[in-house]
Amino acid sequence: MTDRKPEFPTAATDLPTTDDEWRQRLTPEQFAVARQGGTERAFTGKYWDEHSEGVYNCVCCDTPLFESKTKYESGSGWPSFFQPISDDVIKTETDRQFGMVRTEVRCAVCGAHLGHVFPDGPQPTGMRYCMNSASLDLDATD
Ligand SMILES: [Zn+2]
């Protein structure tokens with residue numbers, strides 16, 4: 001085991017460790033999505049039709065995850081990005097729920113469920129990071 005510290009300006013030691021603590025910090029919807037792996041209904045989230053410039057942070061730990069310039073109109077009803085700020089801020093896992101094989105995307109710092117990634121996005125990456133608004137917190141610059 002290494003004790004390499006995360007390179008993010010996040011007080012990771014300050015993060016909740018139990019569901020009860022997360023529940024106090026998050027709204028019920030944020031908790032259901034980010035901590036329990038839920039999915040908000042399409043076209044209902046805060047950011048699917050958001051066009052402000054800025055940075056989308058993890059709603060749980062404030063780690064910057066996506067920039068608005070990588071957000072695009074996917075037509076899916078969820079905020080969609082073609083790449084994260086850095087490969088280090090997310091981690092992916094195979095998700096076999098509901099009889100489908102999908103790739104789940106989580107925050108690398110706090111493990112929050114963010115959404116899924118699909119190989120049908122636009123160039124330059126060809127990837128579609130299909131995120132839940134409830135897991136994101138936009139820090140708008142305009
Ligand atoms: Zn996080």
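Trainee: How many helices and strands does the chain have, and what makes a stretch count as one?
Mentor: The chain has two helices and nine strands. Helices are DSSP runs of H or I with at least four residues, strands are DSSP runs of E with at least two, and both are numbered from the N terminus. Read along the sequence, the pattern is α-α-β-β-β-β-β-β-β-β-β. This is a predicted model: local features need pLDDT of at least 70, side-chain atom pairs count only at pLDDT 80 or more, and totals for chains, interfaces and linings use all residues. Residues are numbered from 1 along each chain as its sequence is written.

Trainee: How do you know that β3 and β4 pair?
Mentor: Two strands pair if DSSP finds at least two bridges between them. β3 and β4 (residues 80-81) have two bridges, in the antiparallel sense, so they meet that definition. Here Tyr72 stands opposite Ser80 in β4.

Trainee: Which strands belong to the open sheet of six, and what makes a strand an edge strand there?
Mentor: The order is β3-β4-β8-β7-β6-β5, with antiparallel pairing. β3 (71-72) and β5 (90-95) are the edge strands, as each pairs on one side only. Further in, four bridges join β6 (residues 102-107) to β7 (residues 113-118), and Val105 stands opposite Gly115 in β7. The hairpin of β6 and β7 has five residues between the strands, and Gly111 in this hairpin takes a positive phi near 80 degrees. β7 also pairs with β8 (residues 128-131) over four bridges, with Val117 opposite Tyr129 in β8.

Trainee: What is the order of the open sheet of three strands?
Mentor: It is β2-β1-β9, again antiparallel, with β2 and β9 as the edge strands. β1 and β9 share five bridges, and Val55 stands opposite Asp139 in β9.

Trainee: Which residues of α2 are called buried?
Mentor: In α2 (residues 28-35), they are Gln30, Val33, Ala34 and Arg35. A residue is buried if 20 or more other C-beta atoms lie within 10 Å of its own, exposed if 12 or fewer, and partly exposed in between, with C-beta atoms placed from the backbone.

Trainee: Why are these residues said to be on the same side of α2?
Mentor: Because they cover an arc of only 160 degrees around the axis. That arc is taken from the directions from the helix axis to the C-beta atoms. These buried residues pack against α1 (19-25) and β7.

Trainee: What makes a set of residues a nonpolar core?
Mentor: A nonpolar core is a set of buried Ala, Val, Leu, Ile, Met, Phe, Trp, Tyr and Cys residues joined through C-beta atoms within 7 Å. The largest one has 30 residues, of which Cys58, Cys60, Leu65 and Cys107 touch the most other members. β8 gives the most to this core, with three residues.

Trainee: Which residues does Cys58 touch?
Mentor: Not counting residues up to four places away in sequence, Cys58 touches Thr63, Leu65, Cys107, Val109, Cys110, Ala112 and Ser135. Two residues are in contact if their C-beta atoms, placed from the backbone, lie within 7 Å.
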